[in-house]
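Come along and check each entry against the picture.

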Amino acid sequence: MNAVERRPLVTGQRPMTVTDLDQVMAIELQAYPFPWSRGHFTDSLAAGYQADLRVVGRELLGYCVAMPGVEELHLLNLTVAPAHEGQGHARALLAHLAEVARAQKAVQIWLEVRESNARARRLYERWGFEAIGLRKGYYPAALGQREHAVVMRWTLDPAAAEPGAAAHGLD
Ligand SMILES: CC(C)(COP(=O)(O)OP(=O)(O)OC[C@H]1O[C@@H](n2cnc3c(N)ncnc32)[C@H](O)[C@@H]1OP(=O)(O)O)[C@@H](O)C(=O)NCCC(=O)NCCS
């Protein structure tokens, strides 16, 4: 084993660019029955939305896309590659977004989540998001049906550390 091979791979966040979209789309298509199109990502990047990857070395673990607003961020996409779920990567991405929000003087992060997406809802609830409403028939569903979205909001406490970072010692 040479010196390069012994160097530990760094896990962390970096900005998403259009050159990442082949890898991003490969995960997106695995992760959702109704995935974003490539156009959703290119439009988000062109609009200057906050779009970041969670990586270990050159491997893509997950990503998030958020639209900045007045004193708020709207989380549009949070995805972890199926092979890397349950290892704290979504919480790390939320901790990253919380840092971004604080840097932008945002006071709230908003999101919509499918009513049936128990795993994601649990993640957000444990993080500190609260359900504050329902958008009826917001998402497409199987057999031409529609599914409600639960609207969730997390209000940043400027004095407190992010719950996810504290609980799991994330980088
Ligand atoms: C929902 C989703 C983002 C969760 O990602 P994830 O990386 O598996 O989530 P995390 O690992 O951060 O957290 C999940 C669980 O792992 C636990 N965990 C956190 N850090 C951990 C660690 N270092 N080691 C082991 N487990 C850990 C968390 O406590 C959490 O457990 P809990 O459900 O009991 O609270 C992922 O399943 C996904 O991409 N799903 C498909 C797309 C989707 O639905 N996205 C959300 C759209 S709104």
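Entry 1. How many residues surround the ligand, and which are the closest? I noted first that this is a predicted model. I then found 22 residues around the ligand. The closest are E85, G88, N117, R119 and R122.

Entry 2. Next I looked up polar contacts of the ligand. A polar side-chain atom of R122, already on my list of closest residues, lies 2.6 Å from an oxygen atom of the ligand. For R126, an N or O atom in the side chain is 2.7 Å from a ligand oxygen. G86 takes part through its backbone: a polar atom there is 2.7 Å from an oxygen atom of the ligand. On its own the ligand has 930 Å² of accessible area, and the protein covers 79% of that.

Entry 3. Which elements supply at least two residues each to the shell around the ligand? I wrote down β4 (72-80), α4 (89-103), β5 (108-114) and α5 (118-127). The largest share, 6 residues, comes from α5. Sorted by class, the shell has 9 nonpolar, 7 polar and 6 charged residues.

Entry 4. Then I turned to the pockets. The ligand sits in the largest pocket, and I noted a volume of about 1,200 Å³ for that pocket. Its lining counts 40 residues, and Y32, L78, N117, A120 and Y124 lie nearest the centre.

Entry 5. Which element gives the most to the lining of the largest pocket? I found that β4 does, with 7 residues. At least two lining residues each come from α2 (21-31), β4, α4, β5, α5 and β6 (130-140). By class, I noted 20 nonpolar, 12 polar and 8 charged residues in the lining.

Technical notes:
Residues numbered from 1 in each chain as written. Predicted model: local features only at pLDDT ≥ 70, side-chain atom pairs only at ≥ 80, totals over all residues. Heavy atoms only, no water. Near = heavy atom within 4 Å. Polar contact = N/O pair within 3.5 Å; in protein donor to acceptor, adjacent residues only side chain to side chain. Areas by Shrake-Rupley, 256 points an atom, 1.4 Å probe, with all protein chains shown as cover. 1 Å grid on protein atoms, 1.4 Å probe; cavity = no way out; pocket = protein on both sides within 12 Å on 5 of 7 lines; lining within 4 Å. Sits in = over half its atoms within 2 Å of the grid points. Helix = DSSP H or I, 4+ residues; strand = E, 2+ residues; numbered from the N terminus. Nonpolar A, V, L, I, M, F, W, Y, C, P; charged D, E, K, R; others polar. Points joined across faces, edges and corners; volume = space filled by probe spheres on them.
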